[in-house]
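Hi,

Here is the structure I said I would pass on. Have a look at it first, and my notes on the pockets follow below.

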Amino acid sequence: GNDPTFARFCTAFGCAHLLEDERFQTNARRVQNRDLVTQTLTPVMQTRTTADWVAALEAQKIGCGPINTLEQVFADPHVQARGMVMT
């Protein structure tokens with residue numbers, strides 16, 4: 001995400017030290033170091049459930065949404081209410 005969003009994430013979720021690392025300081029640098037960003041943040045993201053992350057990220061005004069399995073997509077009440085499932 002953008003720099004202010006990344007800073008909010010790092011500050012709120014115990015990763016403030018990353019803000020001092022030049023490889024993480026700007027969006028352009030994070031894109032250049034995408035594999036490192038992924039390797040660094042994956043263990044952090046694995047500490048909570050999807051529902052917990054969605055709530056925590058929304059509380060920080062960080063846009064987010066779950067990545068659903070197909071089963072979750074078709075079980076979603078909105079998908080069902082709109083009659084979007086066809087066989």
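Let me begin with the second largest pocket: its lining residues divide into 7 nonpolar, 2 polar and 1 charged (Ala, Val, Leu, Ile, Met, Phe, Trp, Tyr, Cys and Pro count as nonpolar, Asp, Glu, Lys and Arg as charged, and the others, Gly among them, as polar). A pocket here is an open set of points on a 1 Å grid over the protein atoms alone, where a 1.4 Å probe fits, with protein on both sides within 12 Å along at least five of seven lines; lining residues have an atom within 4 Å of a point.

Bear in mind that this is a predicted model, where local features need pLDDT of at least 70 and side-chain atom pairs count only at pLDDT 80 or more, while totals for chains, interfaces and linings use all residues. Residues are numbered from 1 along each chain as its sequence is written, and side-chain values use heavy atoms, with hydrogens and water left out.

Helix 4 (residues 50–59) gives the second largest pocket the largest share of its lining, 4 residues; helices are DSSP runs (H or I, at least four residues), numbered from the N terminus. The lining includes W53, V54 and L57, and those three are also among the buried residues of helix 4 (under 20% relative accessible area, 1.4 Å probe, protein chains only). Just after helix 4, K61 has a positive phi of about 60 degrees.

As for the largest pocket, 16residues line it, with G1, F6, F9, V37 and L41 nearest its centre. Helix 3 gives the most to that lining, 6 residues.

Cheers

Key. Helix = DSSP H or I, 4+ residues; strand = E, 2+ residues; numbered from the N terminus. Buried < 20%, exposed > 50% of the residue type's maximum accessible area, 1.4 Å probe, protein only.
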